[in-house]
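Trainee: I have the model open. Can we go through what its labels rest on?

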Amino acid sequence: MEFPEFILAENSTNFPPVETADENGILAIGSNLQVPTLLKAYKLGAFPWYGPNEPIIWYHPDPRFVLFPKDIKISRSMRSVLNSGKFLFKVNTDFKSVVRNCRIIQRKDQENAGTWITDAIEEAYFKLFQEGHAISAEAWKDNKLVGGLYGVRMGNVFFGESMFAQESNASKFAFIKLIHLFKKQGVELIDCQVYTDHLHSLGAEHISRNYFIDLLQKLIP
């Protein structure tokens with residue numbers, strides 16, 4: 001059976017050129033969520049985003065929403081939270097729970113936003129974590145996980161996937177603390193994928209697809 005270029009067989013990782021993504025940012029449909037496939041996709045700047053009972057859909061939006069760690073904006077009130085000792089910052093201590101909370105959390109601004117995190121997504125990203133490619137940043141309070149985020153680290157780029165908060169400012173706290181850590185490690189780009197007010201308030205901005213690809217080629221070995 002012949003497959004159109006943008007529809008991939010389950011065992012195929014031959015993603016089309018990123019500039020062929022349609023006006024909605026859809027680059028390809030199909031393939032799989034195995035670790036090598038995900039790593040190839042991220043290096044190209046593509047990411048999976050699809051709902052239950054849908055095929056795997058790979059996105060490459062233009063413009064791209066990103067944050068440069070050097071440009072992060074921290075409000076006076078958020079500085080107070082960071083200095084208060086209210087939350088404890090941890091990395092990679094409970095990756096599974098971070099992903100699960102991102103899946104089930106109710107979001108005021110994005111109805112059913114977590115439903116794209118399916119069983120297959122949870123399993124795939126845990127494998128990425130086990131192989132050292134995925135990271136969870138966590139906010140803890142009274143020995144309880146109350147906020148955090150997860151994503152994929154490649155070279156000096158972090159591809160953010162999702163975040164959650166069970167207490168006000170918990171996800172922002174984890175995100176800012178992670179960026180402080182990344183600055184020390186030389187990370188120069190945070191991929192936020194698509195616009196949210198939450199991330200815009202922290203300094204995220206739109207850049208062109210071409211510029212985004214140039215940065216990936218520079219920052220990922």
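Mentor: Start with helix α7, residues 209–219. Helix α7 lies across β5, β8, β9, β10 (189–193) and β11. This is a predicted model: local features need pLDDT of at least 70, side-chain atom pairs count only at pLDDT 80 or more, and totals for chains, interfaces and linings use all residues. Residues are numbered from 1 along each chain as its sequence is written, and side-chain values use heavy atoms, without hydrogens or water.

Trainee: At what angle does α7 run to β10?

Mentor: About 140 degrees. Axes are lines fitted to C-alpha atoms, for helices over the stretch in contact (heavy atoms within 4.5 Å). Angles run from 0 to 180 degrees between N-to-C directions.

Trainee: Why are β5 and β11 called paired?

Mentor: Two strands pair if DSSP finds at least two bridges between them. Strand β5 (residues 64–67) and β11 have 3, so they pair, in the antiparallel sense. Phenylalanine 65 has histidine 206 in β11 as its bridge partner.

Trainee: Which strand order does the open sheet have?

Mentor: Its 7 strands run β6-β7-β8-β9-β10-β5-β11, with mixed pairing. The edges are β6 (88–91) and β11 (205–207), because each pairs on one side only.

Trainee: Which residues have the most contacts inside the largest nonpolar core?

Mentor: Tyr125, Tyr150, Phe159 and Leu189, in a core of 49 residues. Such a core is a set of buried Ala, Val, Leu, Ile, Met, Phe, Trp, Tyr and Cys residues joined through side-chain atoms within 4.5 Å. Buried means under 20% relative accessible area, exposed over 50%, partly exposed in between (1.4 Å probe, protein chains only).

Conventions
Helix = DSSP H or I, 4+ residues; strand = E, 2+ residues; numbered from the N terminus.
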